[in-house]
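Here is a short briefing on one protein chain. Look at the sequence and the 3D structure first, then read the points by topic.

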Amino acid sequence: MRLTLTRYLLPSSHYVLLALLFFAGLQLAFWLHQWIVPLFAGLFVLMVIGILLVRIEEQGRFRIMQAILPILAVIGLTGFGLFLPPQLLQLYFISASLLLFWLLKHGAKMAYPTWNWTLSTIVFFLDTAALLGVRFHLYVPIIIILGGLLIISFLISLQALRRITPTVSEAILIALTIGIGLTQLAWTLQFLPLHYVVQAGILVAFYYVFFHLISVSYERPVRFKDIAEYALIGAAALGIILINARWR
């Protein structure tokens, strides 16, 4: 019983090692503030190499497309931590490491599309919130932020859509359309006095509706009931976000 449980929780030691490396890298980078940029760069390079080595070790079952979400998760988890108060960092580091482990175990595998789509939504929020936070705090030119949002939206949509589309070219076209739509929405949100976390939440709500309506269309013809259902979910999410919104 104990052996079976251990194999289930820790099927591959490299997932644990990558998560522990990520945890240690976050601790070191936030501890040595004067070296935070080179330490973040080094941590990112090490994590990318580790994720790619996982693909090689699993002998083709872990494809390049499946490396997109873990890499974006490392970027989002690291960037979002920059804007958290110091008293929350330790808890955040532990949660971020566990999320990365779970993503490598389930979200990056072709056999678990539901886990991938759920974790994609979380990673999309973390990445967009981190990027919009840079704009909010450092006044980075909007064209740079919008370019980053387009890339993030495209890549996250691409790796998720590839699980349901018959060809890569079809996934690329749809992902690019979603990315452009979300980038235009992000540009519009810049004219409103909304906190960057609220803006990220709005983008996630629209991403959720767009992606799931598209995924339904590959299973069967989309009915009015489907549109109404997801529109209601999106409207409810937007209502909750705006009611609790922090305005600049």
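The points below go from the whole chain to single residues.

This is a predicted model. The protein chain has ten helices and zero strands. Its largest nonpolar core has 67 residues, and its largest pocket holds about 340 Å³ of space.

**The whole chain**

- Along the sequence, the pattern reads α-α-α-α-α-α-α-α-α-α.
- The protein chain has 248 residues, and 46% of them are buried.
- Take the contacts with a separation of 6 or more: 69% of them join residues 24 or more positions apart.
- The accessible surface comes to about 13,300 Å². Carbon and sulfur atoms account for 74% of that surface.

**The largest pocket**

- The lining of the largest pocket is made of 16 residues.
- Phe-40, Ile-75, Thr-78, Gly-79 and Leu-82 are the lining residues that lie nearest the centre of the pocket.
- Three helices each supply at least two lining residues: α3 (36–57), α4 (68–81) and α6 (113–138).
- Helix α4 gives the most to the lining, with five residues.
- By type, the lining has twelve nonpolar residues, three polar residues and one charged residue.

**The nonpolar core**

- Within the largest nonpolar core, the residues with the most contacts are Phe-22, Leu-77, Phe-124, Leu-161 and Tyr-207.
- The helices α2 (13–31), α3, α4, α5 (89–107), α6, α7 (142–161), α8 (168–189) and α9 (196–219) each supply at least two residues of this core.
- In soluble globular proteins, nonpolar side chains tend to be buried together.
- What does Tyr-207 contact, leaving aside its neighbours within four places in sequence? The partners are Ser-120, Thr-121, Phe-124, Ile-156, Ser-157, Ala-160, Ile-178 and Leu-182.

- Thr-121 sits in helix α6.
- Is Thr-121 buried or exposed? Thr-121 counts as buried because its relative accessibility is 17%, and the cut-off for buried is under 20%.
- Apart from neighbours within four places in sequence, Thr-121 touches Val-204 and Tyr-207.
- Thr-121 and Ala-205 are 84 residues apart along the chain, yet their C-alpha atoms are separated by 9.0 Å.
- Leu-185 belongs to helix α8.
- With neighbours within four places set aside, Leu-185 is in contact with Ile-202, Leu-203 and Phe-206.
- From Leu-185 to Ile-202 there are 17 residues in sequence, and 9.1 Å in space from C-alpha to C-alpha.

**Two exposed residues**

- Ile-151 has its place in helix α7.
- Why does Ile-151 count as exposed? Its relative accessible area is 52%, and exposed means over 50%.
- Ile-151 and Ile-180 are 29 residues apart in sequence, and their C-alpha atoms are 9.4 Å apart in space.
- Where is Tyr-139 found? Tyr-139 is in the loop between α6 and α7.
- Tyr-139 is exposed, with a relative accessible area of 67%.
- Tyr-139 has a positive phi of about 55°, although Tyr-139 is not a glycine.

Notes
Residues are numbered from 1 along each chain as its sequence is written. This is a predicted model: local features need pLDDT of at least 70, side-chain atom pairs count only at pLDDT 80 or more; totals for chains, interfaces and linings use all residues. Side-chain values use heavy atoms; hydrogens and water are left out. Helices (H or I, at least four residues) and strands (E, at least two) are DSSP runs, numbered from the N terminus. Buried means under 20% relative accessible area, exposed over 50%, partly exposed in between (1.4 Å probe, protein chains only). Contact means heavy atoms within 4.5 Å. Accessible areas come from the Shrake-Rupley method with a 1.4 Å probe; for residues, only the protein chains shown count as cover. On a 1 Å grid over the protein atoms alone, a cavity is a set of points where a 1.4 Å probe fits but cannot get out, and a pocket is an open set with protein on both sides within 12 Å along at least five of seven lines; lining residues have an atom within 4 Å of a point. Grid points are joined across faces, edges and corners, and a volume is the space filled by probe spheres set on the points. Ala, Val, Leu, Ile, Met, Phe, Trp, Tyr, Cys and Pro count as nonpolar, Asp, Glu, Lys and Arg as charged, and the others, Gly among them, as polar. A nonpolar core is a set of buried Ala, Val, Leu, Ile, Met, Phe, Trp, Tyr and Cys residues joined through side-chain atoms within 4.5 Å.
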